Amino acid sequence: MTRLVNRHPDRPTRLLLAMLPFALLIAAYAIGSDMRLAENPNDKLLPSFTALGDAITRMAFTPDKRTGDYLLWVDTVASLTRIAGGVAIATVFGLLVGVSVGLLPYARATLGGFLSAVAMIPPLAILPILFILFGLGELSKFVLVFAGIGPFIARDIAMRVAELPTEQIVKAQTLGASTWQICTRVVLPQMWPRLMDSVRLSLGAAWLFLIAAEAVASQDGLGYRIFLVRRYLAMDVILPYVAWITLLAFSFDWLLRVLQARLFPWFAPEGASR
Amino acid sequence: MNPFKTIFGTSAVAAAALVAFGLTAAAPSAQAAEKTSFKLAWSIYVGWMPWGWAADNGIVDKWADKYGIDIEVVQFNDYIESINQYTAGAFDGVTATQMDTLGIPSVGGVDSTALLIGDFSNGNDALILKDGDSVEDVLGRDVHLVELSVSHYLLARALATLGKSERDVTVVNTSDADMIAAYQTDDVTAVVTWNPLVAEILSMPNATKVFDSSDIPGEIIDLTVVNSETLADNPAFGKALAGTWYETMGIMMSDTEAGRAARAAMGKASGTDLAGYDMQIASTKMFFDPAEAAAFGASEDLKTTMESVRTFLFDHGLLGDGAPSADVVGIEFADGTVMGDESNVNLRFTTRYMDMAADGAL
């Protein structure tokens, strides 16, 4: 008899199995929603699929009565701009600092300990300081996303650089490479795919910090809308927004994975879907 | 059959069943009829501190025992979450403003009764400006406040005194937890918030209060709300709450050692001290006397206020998106008149239990 560890589902089964938990979750929701709506047709906690559909139509495809904007798109653009800005700054910072700390002993001696310590500060705990330094506008939202993931990426890259076999660095030197050449020809080419991994792993945290930033002071954004309508338990708006955020986050993750596989096929040769 | 599928299938079905059960377990126990144990949710606010104190000092238990029931008093750190939990059916009663009661449980189909009128804000909510000394100076500014809260309502009322509307300012939703830090940044030149934050902000340089709730007395009302069906089936619950409340009011209003000790304890529980708490009470019209509360609950002014509050909620889309007018939710007053849809009455004002307390009939 084949052992369980050796039994692989075929393609259609795999697809079916992958969809099963989603289907069960939706079924559980439908049952729960029906039971609550049977007791109270106005129940707000688990709205029916029709109500969810209405809310989507209202938020995404109908101009808002007061402002004339299509709220879902306005919120999406605002949030994506903020998260893209924050992640971009964090990535550049992470790469520069990470490579320096990983490669240069003097940089490591100066910044290594500091970076480890800073990465441990929960940014949400020092919000008032961030506000007073950076104001309540857009800048503070970039900064919060950056502060949440920048040190993490820098530490990760520093460790990945330090992991490179010493032989490579020594070999480059015997071929006459300067520090700059070692950096650009040996270290950086190997860091690009790892940087993408690091960014992928921090995207979840980036969304968390973005939504926290938008909850604090804002006029638009996906997090703003969720916290605003939560005041009135409008789950019919919140649930589609959550699904939308999940879809966006999932798409970026997927995009980075595909890009990585395209650009750096030598990395992760198994092509494993990680 | 594939054993993996079987194991996976079974556990997944079990998990789904658990989720479905969990989601419905909190369903409103509408047909609960007579029951003996009840839950009241409250949150930190000057006018609701008595609940925590009464629970800690055995007054809740004393009255519950008298009526042969059990009342669990649960403190929430998050006001809105306490109302949401009540609306979802996890609690039989909650402390809330009349505006949030209408906007959340009543719109959500949970028929709610304003059992006790605890107080109205008489200066506790305020519009504060940097470099400005009248409401006119707010025009054109970014105003930081908790959107859709009583602060937002206060701003709308302040602008209405000038014949202006929200279009003449920009509202920025700002968390109350961060309001004090926000005021210290240069970006922020106008806020609307409530006590103790108002006192804290006014103690900073360059902060002027230009409008507060004493300019619209009796419009921001703090209630203890209970589920109407639960109350109808279990009047003992209402009696025990009213008994507890007015015994506590009697103690805390008294100018005695016991009264000061009670107020000091309530102050401490809300992060201040006796002096700080007394200052907050000074800007709150507390109804220590049940007869006074009942008179307020039966007044014609309450109808005017509810008209203005429901119009605000309707204008902001909070009476449901399909609502054709502010009439969609019926509001019943103590004299039996109904404002709005008589077939969908989901907010009820009654003076019955306050009257009983006033008559010593509890």
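This is a predicted model: local features need pLDDT of at least 70, side-chain atom pairs count only at pLDDT 80 or more; totals for chains, interfaces and linings use all residues.
Axes are lines fitted to C-alpha atoms, for helices over the stretch in contact, and angles run from 0 to 180 degrees between N-to-C directions. Helices (H or I, at least four residues) and strands (E, at least two) are DSSP runs, numbered from the N terminus. Angles under 35 degrees count as roughly parallel, over 145 as roughly antiparallel, 65 to 115 as roughly perpendicular and the rest as oblique. Contact (heavy atoms within 4.5 Å) involves A:Leu115, A:Ser116, A:Val118 and A:Ala119 of H4(A) and A:Pro151, A:Ala154 and A:Arg155 of H6(A).

Residues are numbered from 1 along each chain as its sequence is written, chains are lettered from A and ligands numbered from 1 in the order in which they are written, and side-chain values use heavy atoms, with hydrogens and water left out. Local features need pLDDT of at least 70 and side-chain atom pairs count only at pLDDT 80 or more, while totals for chains, interfaces and linings use all residues.

In chain A, residues 114-136 are 61% helix and 0% strand, and the end C-alpha atoms are 27 Å apart. Residues 199-217 of chain A are 95% helix and 5% strand. The end C-alpha atoms of that span lie 26 Å apart.

Helix H4 (residues 79-88) of chain B meets helix H5 (residues 98-106) of chain B at about 45°, with axes 9 Å apart. H4(B) is therefore oblique to H5(B). From H5(B), the contact uses B:Asp100, B:Ile104 and B:Pro105. Residues of H4(B) in the contact include B:Tyr79 and B:Ile80.

Helix H11 (residues 257-269) and helix H12 (residues 274-282) of chain B cross at roughly 90°, and their axes come within 8 Å. H11(B) and H12(B) are therefore roughly perpendicular to each other. Among the contact residues are B:Arg260 and B:Arg263 of H11(B) and B:Tyr277 and B:Asp278 of H12(B).

Between the chains, 40 residues of chain A are in contact with 56 residues of chain B. The buried area is about 4,000 Å², and carbon and sulfur atoms give 62% of it. Buried area is the accessible area (1.4 Å probe) that two parts lose on being put together, summed over both. A:Arg36, A:Arg231 and A:Tyr232 supply 19% of the area that chain A buries against chain B, more than any other three residues.
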